[in-house]
Amino acid sequence: GLPLTINAVMHRQNLHQLPQIIDLAVSLDADRLEVANVQYYGWALKNRQALIPTFAQVEETNRIVAEAQDRLAGVLDIDYVVPDYYAQRPKQCMGGWGRQFFNISPAGKVLPCHAAESITGMEFDSVRGNKSIRWIWDNSEAFNAYRGTGWMPEPCKSCEFKEVDFGGCRCQAHALTGSAGNTDPACAKSPLHAQIFSQAATEADNAKDRFLYRNFSGGNWELEPVG
């Protein structure tokens, strides 16, 4: 049959179920399990205080994943990356902006990553226009904006890892610093790293579990439990 990959989106309120999720993947004869920590863009960022794991949870998750990877070698491939907010180095998002990947949205826009439309002020060409996908990939302003290393500010510009992580995630940089052209704050070299991620750790420790549900008026808070 076709290879099965299970993508399990994990956060503070379900990480305790990770052992059961691993067992489920094995029982379904999956080939691969992605232990995918929530990415804090859009409404996930608005709900960060309810979703972000504590440092203790991250340490326990590291232990569970390492044990399962050893125990299930040859049975189940488990992909896992430490949440950005507890990392020292940023991830190579989408293999680098405009290097390996594009996504076509339901509206026909050709995007360098799934979340690229969260970057305000950036225009994306559409397959419904008169330009080919090849032209959009090679020549469009959006795909060339953060491709390669020429766009990088310091400390990325002189960093020895600039062609490894390509500056990290542009959407996260935009969401957390206000500019997609800034260093991803997941990087310890970012001047905003300590400020932003200590704030997130504080939110995790405060353990406010109510969700802000999405709607067109700006969202509704989940009702407080009664009793």
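Q: How many cavities of 30 Å³ or more does the structure hold?
A: The predicted model holds 2 cavities of that kind.

Q: What volume does the largest cavity have?
A: Its volume is about 100 Å³.

Q: And which residues are closest to the centre of the largest cavity?
A: Cys 93, Gly 96, Trp 97, Gly 168 and Arg 170 are the closest to the centre, out of 14 lining residues.

Q: How do the residues of that lining divide by class?
A: The lining of the largest cavity divides into 10 nonpolar, 3 polar and 1 charged.

Q: What about the second largest cavity, what is its volume?
A: The second largest cavity has a volume of about 60 Å³. Its lining has 6 nonpolar, 2 polar and 4 charged residues.

Q: Which residues line the second largest cavity?
A: Among them are the cysteines Cys 156, Cys 159 and Cys 187, together with Arg 89, Lys 162, Asp 165 and Lys 189. Pro 90, Pro 155 and Phe 161 also belong to this lining, as do Gly 167 and Thr 183.

Q: Changing topic to the largest pocket: what is its volume, please?
A: The volume of the largest pocket is about 630 Å³. It is lined by 24 residues, and Asn 7, Ala 36, Asn 37, Gln 39 and Lys 91 lie nearest its centre.

Q: Which strand gives the most to that lining?
A: Strand β2 gives the most, with 5 residues. At least two residues of the lining come from each of β1 (5-10), β2 (32-37) and β3.

Q: How many residues of the pocket lining are charged?
A: The lining of the largest pocket includes 5 charged residues, alongside 15 nonpolar and 4 polar.

Q: Now the rings. How many aromatic pairs are there?
A: The count comes to 8 aromatic pairs. One of them is formed by Phe 55 and Tyr 86.

Q: Where in the chain do the two partners sit?
A: Phe 55 is in helix α4 (residues 55-71), whereas Tyr 86 is in the loop between β3 (77-80) and β4 (103-104). The two are 31 residues apart, and the pair links distant parts of the chain.

Q: Are they buried or exposed?
A: Phe 55 is partly exposed, with a relative accessible area of 48%. Tyr 86 has 18% relative accessibility and therefore counts as buried, as the limit for buried is under 20%.

Q: What else touches Tyr 86, for instance Thr 54?
A: Thr 54 does touch Tyr 86, and also Arg 12, Ala 204 and Asp 205, leaving aside residues up to four places away in sequence. Thr 54 lies in the loop between α3 (48-51) and α4 and counts as buried at 17% relative accessibility.

Q: Which residues form an aromatic cluster?
A: Tyr 40, Tyr 85 and Phe 197 form one aromatic cluster.

Q: Finally, which charged residues sit over rings?
A: Lys 131 lies over the face of Trp 135, 5.1 Å from the ring centre. The charged end of Arg 170 sits over the ring of Tyr 146, at 6.0 Å from its centre. Arg 170 is also one of the residues closest to the centre of the largest cavity.

Methods:
Residues are numbered from 1 along each chain as its sequence is written. This is a predicted model: local features need pLDDT of at least 70, side-chain atom pairs count only at pLDDT 80 or more; totals for chains, interfaces and linings use all residues. Side-chain values use heavy atoms; hydrogens and water are left out. On a 1 Å grid over the protein atoms alone, a cavity is a set of points where a 1.4 Å probe fits but cannot get out, and a pocket is an open set with protein on both sides within 12 Å along at least five of seven lines; lining residues have an atom within 4 Å of a point. Grid points are joined across faces, edges and corners, and a volume is the space filled by probe spheres set on the points. Ala, Val, Leu, Ile, Met, Phe, Trp, Tyr, Cys and Pro count as nonpolar, Asp, Glu, Lys and Arg as charged, and the others, Gly among them, as polar. Rings of Phe, Tyr and Trp (its six-membered ring) pair if their centres lie within 6.5 Å; planes under 30 degrees apart count as stacked, over 60 as edge-to-face and the rest as tilted. Helices (H or I, at least four residues) and strands (E, at least two) are DSSP runs, numbered from the N terminus. Buried means under 20% relative accessible area, exposed over 50%, partly exposed in between (1.4 Å probe, protein chains only). A charge sits over a ring if NZ of Lys or CZ of Arg is within 6 Å of the ring centre and within 35 degrees of the ring normal. Contact means heavy atoms within 4.5 Å.
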